[in-house]
Structure formats: structure tokens, C-alpha cells
Amino acid sequence: EYSHIQGTRWNKNVITYRYLLYTRDLPRNTVDSLIASAFNVWAKASGLTFVRSHTNNADIMVEFVTSNHGDMYPFDGPRGTLAHAFGPGLGVGGDTHFDDDEHWTAGERGFNLFLVAAHEFGHALGLKHSRNPDSLMYPTYKSSRSANLLSREDVANINTLYSKLL
Ligand SMILES: CC(C)C[C@H](CS(C)(=N)=N)C(=O)N[C@H]1Cc2cn(c3ccccc23)CCCCCCNC1=O
Ligand SMILES: [Ca+2]
Ligand SMILES: [Zn+2]
Ligand SMILES: [Zn+2]
């Protein structure tokens, strides 16, 4: 929800992402697959393609950081704010930061990285919060989410931003 540079949406269909820092809570390949799955949630609904990059000019830089980490939004230790993402745009646009003072998991305990990442990438694509508790873009974390993560509202909102490419 930190729409840093006024760009409501990405103006391209292929969006790259790159890891800067991992968490020690999970094996790297587990992080890779959870993050890829979170991108895939939005790829299916928007027609966008997400490609992992290993160079430093990726659109979405992904990192696990704590407290003050170089932007105007320091994290707050365990619990509280779990992560944040900048809206579409150049430079810091799209960048997604996870609070590494959280306990990141692939399951039910702690905070599920897939669920949080899916919410964050909604912001990275330009989505704001929803008032519907069943929506992925609801402002607070919910561990129990149905199989189809996106509410009809989430799908409608992403389609408003990115008309589903044929
Ligand atoms: C939706 C998330 C994936 C991303 C958002 C952050 S963002 C920028 N991407 N919209 C988030 O972290 N929301 C907080 C909101 C929040 C809930 N509480 C808080 C107590 C203090 C501060 C924040 C919170 C009450 C206590 C529970 C704290 C743990 C869970 N935290 C949250 O749900
Ligand atoms: Ca926190
Ligand atoms: Zn940050
Ligand atoms: Zn949010």
C-alpha cells in the first residue's frame, strides 16, 4: 500500500523479480517455491508473467529485513506489521520486504510465507486494501484461507488494473 511512485499499474506483461536477502527460517528452495506460488496466484488472475532474475535490474526486489532497513518504513519486531510492498514503478517500485523478526513457515504455525507474499504482491501490482475479510487484500493476516485464495473482489480488482490477456 506504499504507492511510492505514482504508477497505478505496470505497463508490461512480463515482470521480473530477484532475491536480495533470504530468511533463515526456511530452506532457500522452500522460499523460492512459496514465492513462485504467490506470484502464480496473480499470474492466473491477471495474465501477467513473473520471471525470476539474477541480475540487479529486476522490477520486484524481494528481501527479508528487520527494523530499519533503508527505506522510510522500518519494521517493528515480532508480530505487528509482517511485510510491505511498494506499488508499481521504477526503482523501489514493486519492491517487497518481509519482516525477518517474524517466524516464517510453510505451514500453519508462525506466519505462512505464501499467504503473506500473495498479499504483498497484490500491493506490488497496484492493489489497495479491501474491506472484505474474505479478500486476500484485507489489511490483517488470516491463517485460514480457502483453496481459492482470491475473492471475487480481488479478481475483479486485478482485472480492472490488468485486463486479463487472452
Ligand atoms: C495482511 C498482512 C499479510 C500484511 C499487513 C501489512 S501491509 C503494509 N502489507 N498491508 C500486515 O502485516 N498487517 C498486520 C496488521 C496488524 C494486526 N495487528 C497489528 C498490531 C500492530 C501493528 C499492525 C497490526 C494485531 C495483532 C496481529 C499482528 C500480526 C498480524 N499482523 C497483521 O495482520
Ligand atoms: Ca513485525
Ligand atoms: Zn521496507
Ligand atoms: Zn496490505
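Predicted model: local features only at pLDDT ≥ 70, side-chain atom pairs only at ≥ 80, totals over all residues.
Is H129 buried, partly exposed or exposed? H129 counts as partly exposed, because its relative accessibility is 32%. The points below take up its setting and some other features.

1. **The zinc site.** Three histidines supply the protein donors of the zinc ion (ligand 4): H119, H123 and H129. Each uses its NE2 atom, and the distances run from 1.9 to 2.0 Å. Four donor atoms surround the zinc ion, with angles of 97 to 123°. The arrangement is tetrahedral because all angles lie between 85 and 135 degrees. For comparison, the ideal angle for four tetrahedral donors is 109.5 degrees.

2. **Spacing of the zinc donors.** Along the sequence, the donor residues follow the pattern H-x3-H-x5-H. H119 sits in helix α2 (residues 113–124), while H129 sits in the loop between α2 and α3 (152–161). The pair therefore ties together parts ten residues apart in sequence. H119 is buried, because its relative accessible area of 11% is under 20%. H129, at 32%, is partly exposed.

3. **Helix α2: length and ends.** Helix α2 has twelve residues, so at 1.5 Å a residue it should span 16 Å. Its end C-alpha atoms are 16 Å apart, which agrees. At the start of α2, a side-chain oxygen of N112 comes to within 3.0 Å of the backbone nitrogen of F114. Just after the helix, G126 has a positive phi of about 115°.

4. **Helix α2: burial.** How many of the twelve residues of α2 are buried? Eleven are, so the rest of the structure largely encloses this helix. Among the buried residues are H119, F121 and H123. The buried residues of α2 pack against α1, β3, β4 (83–85), β5 (96–99), β6 and β7 (111–112).

5. **Aromatic pairs.** The whole structure holds ten aromatic pairs. In one, F39 and F121 have ring centres 3.8 Å apart and planes at 5°, so this pair is stacked. F39 belongs to helix α1 (residues 28–46) and F121 to helix α2, so the pair ties together parts 82 residues apart in sequence. Both F39 and F121 are buried.

6. **A second ring pair.** F64 and W104 have ring centres 6.3 Å apart and planes at 75°, so they meet edge-to-face. F64 lies in strand β3 (residues 60–65) and W104 in strand β6 (residues 104–105). This pair therefore ties together parts 40 residues apart in sequence. F64 and W104 are both buried.

7. **The ring cluster.** Which residues do ring pairs link into a cluster? They are Y17, Y19, Y22, F39, F50 and F121.

8. **The calcium site.** The calcium ion (ligand 2) is coordinated at 2.2 to 2.4 Å. D76 and D99 contribute OD atoms, and E102 contributes OE. G77, R79 and T81 each contribute O. The six donor atoms give angles of 84 to 176°, and the site is octahedral. Ideal angles for six octahedral donors are 90 or 180 degrees.

9. **Spacing of the calcium donors.** In sequence, these donors read D-G-x1-R-x1-T-x17-D-x2-E. D76 lies in the loop between β3 and β4, and D99 lies in strand β5. The pair therefore ties together parts 23 residues apart in sequence. D76 counts as partly exposed, because its relative accessibility is 41%. D99 is buried, with a relative accessible area of 0%.

Definitions and conventions
Residues numbered from 1 in each chain as written. Chains lettered and ligands numbered in written order. Heavy atoms only, no water. Donors = N, O, S within 2.8 Å, 3.2 Å for Na, K, Ca; no water. Tetrahedral: all angles 85-135°; square planar, octahedral: opposite > 155°, others 65-115°. Helix = DSSP H or I, 4+ residues; strand = E, 2+ residues; numbered from the N terminus. Buried < 20%, exposed > 50% of the residue type's maximum accessible area, 1.4 Å probe, protein only. Phe/Tyr/Trp six-rings, centres within 6.5 Å; stacked < 30°, edge-to-face > 60°. Expected span 1.5 Å × (residues − 1). Contact = heavy atoms within 4.5 Å. Polar contact = N/O pair within 3.5 Å; in protein donor to acceptor, adjacent residues only side chain to side chain.
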